[in-house]
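Visitor: I have a structure to look over and would like a quick walk through it. Can you put it up?

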Amino acid sequence: MSTSTITSSGTKKGEFLAADVNTQLKNKNITTDIKVDTSSNTIFSFKVPDQRSGNVEVHYLHDYAAVSSSIGLTVYPTVNFSGVIGTNVASLGTNLSFDIKTGDFIKCNAEVSLSKVDLIASLTLHG
């Protein structure tokens, strides 16, 4: 069963207005809480019943750049980061994975690419 609750509150003192909005989303055993107030403070809480199987991901997409990052919800998580920046002529990208427990990079890849009418070239490094 999925539920959502949105609450808000506000107080006005003279010309000053203090307000906040709270949102809680529940789906099965997963609960997400988000709170935003007039001071631009944002609080985010995410609860998963089986932490070994979950992760939190963030994605950003722009015309000339893209970033994706995730972190596992375990005591010693793996952190992943992927990013690319460029145009249809040249681009630069990377893919990194870091193991918090060992302090080692599990994956460290990078690529540079050039593309013109008479030339297509790329260099990929795997580590």
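This is a predicted model: local features need pLDDT of at least 70, side-chain atom pairs count only at pLDDT 80 or more; totals for chains, interfaces and linings use all residues.

Visitor: OK. How many helices and strands in the protein?

Guide: The protein has 10 strands and 0 helices. Read from the N terminus, the elements run β-β-β-β-β-β-β-β-β-β.

Visitor: And what share of the residues is buried?

Guide: Of the 127 residues in the protein, 10% are buried. The accessible surface of the protein is about 9,800 Å², and carbon and sulfur atoms account for 58% of that surface.

Visitor: What holds strands of a sheet together in general?

Guide: Strands of a sheet pair through backbone hydrogen bonds, and the pairing is either parallel or antiparallel.

Visitor: Back to this one. How many bridges between β8 and β9?

Guide: β8, residues 90-99, pairs with β9 over 10 bridges in the antiparallel sense. Within this part of the sheet, Thr-94 stands opposite Ala-110 in β9.

Visitor: What sits between those two strands?

Guide: β8 and β9 form a hairpin with 4 residues between them. In the turn, Gly-103 has a positive phi of about 75°.

Visitor: And how does β9 connect to β10?

Guide: Through a hairpin of 2 residues. β9 covers residues 104-116, and its antiparallel pairing with β10 runs over 8 bridges.

Visitor: Which residues face each other there?

Guide: Ser-115 has Ile-120 in β10 as its bridge partner. Leu-114 stands opposite Ala-121, also in β10.

Visitor: Changing topic: which residues make the nonpolar surface patch?

Guide: Ile-85, Leu-92, Val-112, Leu-123 and Leu-125 make a nonpolar surface patch of about 470 Å².

Visitor: Take Leu-125. Buried or exposed?

Guide: Leu-125 counts as exposed because its relative accessibility is 52%, and the cut-off for exposed is over 50%. Leu-125 is found in strand β10.

Visitor: What does Leu-125 touch?

Guide: Leaving out residues up to four places away in sequence, Leu-125 touches Cys-108, Asn-109 and Ala-110. Ala-110 is the residue that Thr-94 stands opposite in β9.

Visitor: How far apart are Leu-125 and Cys-108?

Guide: Their C-alpha atoms are 8.1 Å apart in space, and the two residues are 17 apart in sequence.

Visitor: One more residue: Ser-70. Where is it found?

Guide: Ser-70 is in strand β6, residues 65-72.

Visitor: Why does Ser-70 count as buried?

Guide: Because its relative accessible area is 11%, and buried means under 20%.

Visitor: And which residues does Ser-70 touch?

Guide: With residues up to four places away in sequence not counted, Ser-70 touches Val-56, Glu-57, Thr-78, Val-79 and Asn-80.

Visitor: Remind me how Leu-125 compares?

Guide: Leu-125 is exposed at 52% relative accessibility, whereas Ser-70 is buried at 11%.

Key:
Residues are numbered from 1 along each chain as its sequence is written. Side-chain values use heavy atoms; hydrogens and water are left out. Two strands pair if DSSP finds at least two bridges between them. Patches are made of residues with over 30% relative accessible area and no salt bridge: like charges are joined within 9 Å, nonpolar side chains (Val, Leu, Ile, Met, Phe, Trp, Tyr) within 5 Å. Accessible areas come from the Shrake-Rupley method with a 1.4 Å probe; for residues, only the protein chains shown count as cover. A salt bridge is a side-chain nitrogen of Lys or Arg within 4 Å of a carboxyl oxygen of Asp or Glu. Buried means under 20% relative accessible area, exposed over 50%, partly exposed in between (1.4 Å probe, protein chains only). Contact means heavy atoms within 4.5 Å.
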